[in-house]
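Colleague: I would like to learn how to read a model like this one. Can we take it feature by feature?

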Amino acid sequence: MEDRTSQNRILWFFLACFIISIYLMGWLLSPFFSIIVLGAVVTGAFYPVYRKIASFEKIGPGMASFLTCILIFFILFVPIVFFVGVLTQEAYELVQLARSPALSSFVTAHFTNSAMLERINPLLANIDIAITGEELKNTISDIGRVVGLFLYDQARAIASNTFSFLVNFFLMLLVIFFLLIDGPKLVRFLMDLSPLPEEQDERLIEKFSGMAGAILIGNGLCGVIQGLAGGTLFWIFGLQSAFLWGVIMALLAFLPIIGIGVVFVPTVIFLFLKGRIGTGLFFLIFYLLLSGGVEYILKPKVVGKRVQMHTLLVFLSIIGGLKLFGILGIIYGPLIATAFLTFTEIYHSSYQNLIEYSQP
């Protein structure tokens, strides 16, 4: 009896020390949390490339990882530097426009004249709604200010501290370099450390890997295509801040319910109200073909069955992630939702019956 009591004390003492060490290690690595998460996501996306390079006889794991990191540098770093510079300028101009008297003059010239309002107010009279120039000006100003400030703050956070951005990016490359080489060993270490059965650990890793690939490759690629196509269309037709709206559409493409329609639909209405019916119809058809083709043809082929999550939950997880974590919430939100759903599945399949049977 005394031996068992002594063993229990030793066990509880060890568990207390172990939990404290986990907390301290987490605290120690907390400044690098975003770097580690992004590094893991990018590693999962580029791991097939690493394996392909490492398959050549004369290329070892270290050199294959190094070449993959160089490829990541040119694919991610160079475009980010270019985009941040242009985006900061255009977002700042949008914020200034939303605050300037020029917006009032623009709305007055294009919307508050009787011809424009007479086209839309009779349609809204049936539901007791009337639009005034002042209300429209305030709405446009608020939208421009909110969108511009969000993107400007995100871009300025990078551009204002170039040295910090460079250090963080190269730290991420360092994380990727070692994860490509020792990733399987790390996964095995975590699985051995986990008290869960191996099957459940594998399910968790598979879900996270699938979601990470879907976010970066599936949603990322589809977002770039829609943003590039939409921004190019805006530039061809001479609409203001084409690059900025292209970036906004690329980000909105991650949202499964509203998507790039948030930009295209108001643009079509704006063109109709200005009397450019043909251009408005072209924009509408272009939007339907682009959005429909990407969402229902391209994305299912790229993502496949890796993401089995309800559309509404994906939408809410991204919105919540953006609110809590900023632009990185596009990644963090779905990953958190994936963890919740996976643990829910494990609970239903393995533990629910045990809990029900244990109750008196």
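Predicted model: local features only at pLDDT ≥ 70, side-chain atom pairs only at ≥ 80, totals over all residues.

Colleague: How many helices and strands does the chain have?

Modeller: There are 13 helices and zero strands. Of the contacts with a separation of 6 or more, 73% join residues 24 or more positions apart.

Colleague: How many aromatic pairs are found in the whole structure?

Modeller: A pair of aromatic rings is described by the distance of the centres and the angle of the planes. The search finds 16 aromatic pairs here. Take F14 and F18: the ring centres are 5.8 Å apart and the planes are at 10 degrees, so this pair is stacked. F14 and F18 are four residues apart in helix α1, a separation of about one helical turn.

Colleague: What kind of aromatic pair do F33 and Y332 form?

Modeller: F33 and Y332 form a tilted pair, with 6.0 Å centre to centre and 50 degrees between the planes. F33 lies in helix α2 and Y332 in helix α13, so the pair ties together parts 299 residues apart in sequence.

Colleague: Is Y332 buried or exposed?

Modeller: Y332 is buried, with a relative accessible area of 7%, whereas F33 is partly exposed at 48%.

Colleague: Which residues form one aromatic cluster?

Modeller: F234, F237, F264, F282, F283, F286 and Y287 do.

Conventions:
Residues numbered from 1 in each chain as written. Heavy atoms only, no water. Helix = DSSP H or I, 4+ residues; strand = E, 2+ residues; numbered from the N terminus. Contact = heavy atoms within 4.5 Å. Phe/Tyr/Trp six-rings, centres within 6.5 Å; stacked < 30°, edge-to-face > 60°. Buried < 20%, exposed > 50% of the residue type's maximum accessible area, 1.4 Å probe, protein only.
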